[in-house]
Amino acid sequence: MKYIVSLFFVAFYSFAVAQELPPPPPAMSNLSQQKLIDEFIEASHYKEALINYAKEYLELKMFDYNVDPPKELLTKKQANSIINSFNFDDFKISLYSSFSFISEKNLKELIRFHKSIGGELSRGNSALLMTPTIDLNIKNQMDYAIENIK
(Lines give C-alpha, C1' and ligand atoms only; values in the text may rest on other atoms or scores of the structure.)
Protein backbone atom coordinates (compact mmCIF):
# COMPACT_ATOMS: atom_id res chain seq x y z
CA MET A 1 0.00 0.00 0.00
CA LYS A 2 2.85 2.40 0.87
CA TYR A 3 4.34 1.70 -2.53
CA ILE A 4 1.15 2.69 -4.36
CA VAL A 5 0.67 5.85 -2.26
CA SER A 6 4.27 6.95 -2.80
CA LEU A 7 4.03 6.22 -6.54
CA PHE A 8 0.82 8.24 -6.69
CA PHE A 9 2.49 11.11 -4.80
CA VAL A 10 5.50 11.16 -7.15
CA ALA A 11 3.27 11.09 -10.22
CA PHE A 12 1.01 13.86 -8.87
CA TYR A 13 4.02 16.00 -7.92
CA SER A 14 5.55 15.56 -11.39
CA PHE A 15 2.35 16.72 -13.08
CA ALA A 16 1.98 19.67 -10.71
CA VAL A 17 5.55 20.88 -11.29
CA ALA A 18 5.29 20.36 -15.05
CA GLN A 19 2.29 22.70 -15.19
CA GLU A 20 4.26 25.53 -13.56
CA LEU A 21 7.15 25.59 -16.02
CA PRO A 22 7.05 28.48 -18.47
CA PRO A 23 7.03 27.66 -22.18
CA PRO A 24 10.41 27.68 -23.89
CA PRO A 25 11.40 30.94 -25.58
CA PRO A 26 10.80 31.19 -29.33
CA ALA A 27 13.66 30.31 -31.60
CA MET A 28 15.72 33.34 -32.49
CA SER A 29 18.83 33.82 -34.54
CA ASN A 30 21.99 35.26 -33.06
CA LEU A 31 23.50 38.54 -34.31
CA SER A 32 25.81 36.95 -36.86
CA GLN A 33 22.90 34.90 -38.24
CA GLN A 34 20.74 38.03 -38.37
CA LYS A 35 23.37 39.80 -40.46
CA LEU A 36 23.52 36.82 -42.81
CA ILE A 37 19.72 36.63 -42.97
CA ASP A 38 19.58 40.35 -43.81
CA GLU A 39 22.18 39.78 -46.52
CA PHE A 40 20.15 36.81 -47.82
CA ILE A 41 16.97 38.92 -47.87
CA GLU A 42 18.75 41.54 -49.94
CA ALA A 43 20.56 39.12 -52.29
CA SER A 44 17.43 37.04 -52.95
CA HIS A 45 15.05 40.00 -53.25
CA TYR A 46 13.07 38.21 -50.54
CA LYS A 47 10.91 41.22 -49.72
CA GLU A 48 9.68 41.43 -53.32
CA ALA A 49 9.07 37.67 -53.48
CA LEU A 50 7.17 37.68 -50.18
CA ILE A 51 5.01 40.59 -51.31
CA ASN A 52 4.29 38.72 -54.57
CA TYR A 53 3.27 35.71 -52.47
CA ALA A 54 0.98 37.91 -50.36
CA LYS A 55 -0.59 39.40 -53.52
CA GLU A 56 -1.34 35.93 -54.87
CA TYR A 57 -2.86 34.93 -51.55
CA LEU A 58 -5.05 38.05 -51.53
CA GLU A 59 -6.19 37.31 -55.09
CA LEU A 60 -7.45 33.93 -53.87
CA LYS A 61 -9.31 35.62 -51.01
CA MET A 62 -10.99 38.28 -53.17
CA PHE A 63 -14.01 36.13 -53.99
CA ASP A 64 -16.18 33.60 -52.19
CA TYR A 65 -16.46 30.77 -54.72
CA ASN A 66 -18.81 28.74 -52.53
CA VAL A 67 -21.80 30.73 -53.77
CA ASP A 68 -23.19 31.07 -57.27
CA PRO A 69 -22.35 33.56 -58.69
CA PRO A 70 -19.07 34.12 -56.80
CA LYS A 71 -19.34 36.97 -54.33
CA GLU A 72 -16.67 39.68 -54.21
CA LEU A 73 -15.21 39.90 -50.71
CA LEU A 74 -12.39 42.29 -51.45
CA THR A 75 -11.88 44.90 -54.17
CA LYS A 76 -8.61 45.38 -56.03
CA LYS A 77 -8.30 48.77 -54.34
CA GLN A 78 -8.64 47.14 -50.90
CA ALA A 79 -6.11 44.42 -51.81
CA ASN A 80 -3.63 47.07 -53.00
CA SER A 81 -4.20 49.01 -49.79
CA ILE A 82 -3.36 45.90 -47.74
CA ILE A 83 -0.18 45.27 -49.74
CA ASN A 84 0.88 48.92 -49.51
CA SER A 85 0.44 48.89 -45.73
CA PHE A 86 2.43 45.66 -45.30
CA ASN A 87 5.34 46.39 -42.95
CA PHE A 88 8.19 44.10 -43.98
CA ASP A 89 10.46 45.31 -41.17
CA ASP A 90 7.96 44.05 -38.58
CA PHE A 91 7.75 40.74 -40.45
CA LYS A 92 11.54 40.25 -40.23
CA ILE A 93 11.16 38.85 -36.71
CA SER A 94 9.31 35.90 -38.20
CA LEU A 95 12.08 35.46 -40.76
CA TYR A 96 14.80 35.60 -38.13
CA SER A 97 12.98 32.96 -36.11
CA SER A 98 12.28 30.68 -39.08
CA PHE A 99 15.75 30.96 -40.60
CA SER A 100 17.52 30.55 -37.24
CA PHE A 101 17.59 26.81 -37.91
CA ILE A 102 19.73 27.28 -41.02
CA SER A 103 23.43 27.06 -40.24
CA GLU A 104 25.65 30.05 -40.96
CA LYS A 105 27.53 27.96 -43.51
CA ASN A 106 24.31 27.19 -45.38
CA LEU A 107 23.17 30.82 -45.17
CA LYS A 108 26.45 31.86 -46.78
CA GLU A 109 25.89 29.29 -49.53
CA LEU A 110 22.34 30.57 -50.11
CA ILE A 111 23.67 34.13 -50.37
CA ARG A 112 26.39 33.05 -52.78
CA PHE A 113 23.84 31.15 -54.90
CA HIS A 114 21.39 34.03 -55.08
CA LYS A 115 24.14 36.49 -55.96
CA SER A 116 25.31 34.17 -58.74
CA ILE A 117 21.84 34.18 -60.37
CA GLY A 118 21.22 37.88 -59.90
CA GLY A 119 18.79 37.37 -57.05
CA GLU A 120 15.83 36.18 -59.08
CA LEU A 121 15.08 32.51 -58.60
CA SER A 122 12.13 32.64 -61.00
CA ARG A 123 10.46 35.01 -63.44
CA GLY A 124 8.73 37.79 -61.55
CA ASN A 125 10.45 36.64 -58.37
CA SER A 126 7.56 34.36 -57.50
CA ALA A 127 9.60 31.55 -55.91
CA LEU A 128 11.04 31.94 -52.44
CA LEU A 129 12.42 30.01 -49.49
CA MET A 130 9.36 29.26 -47.36
CA THR A 131 8.79 27.54 -44.04
CA PRO A 132 5.42 26.57 -42.56
CA THR A 133 5.88 29.31 -39.94
CA ILE A 134 6.49 32.03 -42.53
CA ASP A 135 3.53 30.77 -44.58
CA LEU A 136 1.23 30.78 -41.55
CA ASN A 137 2.42 34.20 -40.37
CA ILE A 138 1.97 35.91 -43.75
CA LYS A 139 -1.47 34.36 -44.23
CA ASN A 140 -2.54 35.34 -40.72
CA GLN A 141 -1.33 38.88 -41.31
CA MET A 142 -3.22 39.11 -44.61
CA ASP A 143 -6.38 37.59 -43.08
CA TYR A 144 -6.21 40.06 -40.20
CA ALA A 145 -5.84 42.96 -42.66
CA ILE A 146 -8.83 41.68 -44.68
CA GLU A 147 -11.01 41.51 -41.56
CA ASN A 148 -10.04 45.03 -40.52
CA ILE A 149 -10.46 46.66 -43.92
CA LYS A 150 -14.21 46.11 -44.03
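Me: At what angle do helix α3 and helix α7 pack?
Reply: Happy to start there. Helix α3 covers residues 46-61 and helix α7 covers residues 132-149; helices here are DSSP runs of H or I with at least four residues, numbered from the N terminus. This is a predicted model, where local features need pLDDT of at least 70, side-chain atom pairs count only at pLDDT 80 or more, and totals for chains, interfaces and linings use all residues. The axes of α3 and α7 are 10 Å apart, and the packing angle is about 55°.

Me: What orientation do α3 and α7 have to each other?
Reply: Axes are lines fitted to C-alpha atoms, for helices over the stretch in contact, with angles from 0 to 180 degrees between N-to-C directions. Under 35 degrees counts as roughly parallel, over 145 as roughly antiparallel, 65 to 115 as roughly perpendicular, and the rest as oblique. The two helices, α3 and α7, are therefore oblique.

Me: How many charged residues does the contact of α3 with α7 have?
Reply: Contact means heavy atoms within 4.5 Å. On the α3 side the residues include Y53, Y57 and K61, and on the α7 side they include D135, K139 and D143. By class (Ala, Val, Leu, Ile, Met, Phe, Trp, Tyr, Cys and Pro nonpolar; Asp, Glu, Lys and Arg charged; the others, Gly among them, polar), this contact has 10 nonpolar and no polar residues, and the charged ones number 4.

Me: And how is α5 oriented to α7, roughly parallel or roughly antiparallel?
Reply: Their axes are 9 Å apart, at an angle of about 165°. That makes the pair roughly antiparallel.

Me: How many polar residues does the contact of α5 with α7 have?
Reply: F91, S94, L95, S98 and F99 in α5 meet T133, I134, N137, I138 and Q141 in α7. By class, this contact has no charged residues, 5 nonpolar ones, and a polar count of 5.

Me: Which residue's side chain does S94 join in a polar contact?
Reply: S94 sits in helix α5 (residues 88-99) and counts as buried, at 10% relative accessibility; buried means under 20% relative accessible area, exposed over 50%, partly exposed in between, with a 1.4 Å probe and protein chains only. A polar contact is a pair of N or O atoms within 3.5 Å; within protein, one must be able to donate a hydrogen and the other to accept it, and residues adjacent in sequence count only if both atoms are side-chain atoms. Residues are numbered from 1 along each chain as its sequence is written, and side-chain values use heavy atoms, with hydrogens and water left out. At 2.7 Å, the partner of S94 is N137.
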